[in-house]
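Subject: Structure handover

Hello,

Here is the structure for your files. My notes on it follow below.

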Amino acid sequence: MTTITVRNLDRSDERRDFPHGHIDVLAVDGHKLDRAVFEPGWRWSESVRPIAGTDLCEFDHFGYVTSGRMHLEMADGTGADIGPGDVVVCPPGHDAWVLGDEPCVFVEMAEPVASDYGRAPGTDQP
């Protein structure tokens, strides 16, 4: 028999806190999904770089912005502003920061991000 599985991100399996934000991770039938909440003042190079230990974010992101705004900037200086309703693909090698005074909420379907984003390399702890 085929079964429908329903889970709610408000009851995530794991929450990872970092300065000016957090990520909620949810596993559903072998798939992972995350919801990242980036508060005003969040910037990857200040809030996550110390955790990641890399100069730039080295994750490939694919997700949807539900609220707020953010600027993404690649190592070569090219960038884009994203906001509500935008579907975003951002390759590794970028910085990012919240624009304005509203949290940016980003829901992402990329398995490696949900597995490891906001976690110190080589650990299973945030």
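Met109 counts as partly exposed, because its relative accessibility is 42% and that class lies between the limits of 20% for buried and 50% for exposed. Please keep in mind that this is a predicted model. Met109 sits in the loop that connects β9 (104-108) with α3 (111-116). Together with Phe62, Tyr64, Val87 and Val89, Met109 makes a nonpolar surface patch of about 500 Å². Two elements, β4 (61-67) and β7 (87-90), each give two or more residues to this nonpolar patch.

Asp24 is a case of the other kind. With a relative accessible area of 6%, Asp24 is buried, since the class takes residues under 20%. Asp24 belongs to strand β2, which covers residues 21-28. What does the side chain of Asp24 make a polar contact with? The partner is the side chain of His22, at 3.3 Å.

On the protein as a whole: there are three helices and nine strands. Along the sequence, they follow the pattern β-β-β-α-α-β-β-β-β-β-β-α. The protein has 126 residues, and buried residues make up 40% of them.

Next, one of the sheets in some detail. Three strands form an open sheet in the order β6-β5-β8, and the pairing is antiparallel. β6 and β8 (94-99) are the edge strands, each pairing on one side only. On average, neighbouring strands in this sheet are turned by 15° against each other, with direction ignored.

The two pairings in detail:

- β5 (residues 69-74) with β6 (residues 79-82): antiparallel, over four bridges. His71 has Asp81 in β6 as its bridge partner.
- β5 with β8: antiparallel, over six bridges. Here Met70 stands opposite Val98 in β8.

β5 and β6 also form a hairpin, with four residues between the two strands. In the turn of this hairpin, Gly77 has a positive phi of about 95°.

Regards

Definitions and conventions:
Residues are numbered from 1 along each chain as its sequence is written. This is a predicted model: local features need pLDDT of at least 70, side-chain atom pairs count only at pLDDT 80 or more; totals for chains, interfaces and linings use all residues. Side-chain values use heavy atoms; hydrogens and water are left out. Patches are made of residues with over 30% relative accessible area and no salt bridge: like charges are joined within 9 Å, nonpolar side chains (Val, Leu, Ile, Met, Phe, Trp, Tyr) within 5 Å. Accessible areas come from the Shrake-Rupley method with a 1.4 Å probe; for residues, only the protein chains shown count as cover. A salt bridge is a side-chain nitrogen of Lys or Arg within 4 Å of a carboxyl oxygen of Asp or Glu. Buried means under 20% relative accessible area, exposed over 50%, partly exposed in between (1.4 Å probe, protein chains only). Two strands pair if DSSP finds at least two bridges between them. Axes are lines fitted to C-alpha atoms, for helices over the stretch in contact, and angles run from 0 to 180 degrees between N-to-C directions. A polar contact is a pair of N or O atoms within 3.5 Å; within protein, one must be able to donate a hydrogen and the other to accept it, and residues adjacent in sequence count only if both atoms are side-chain atoms.
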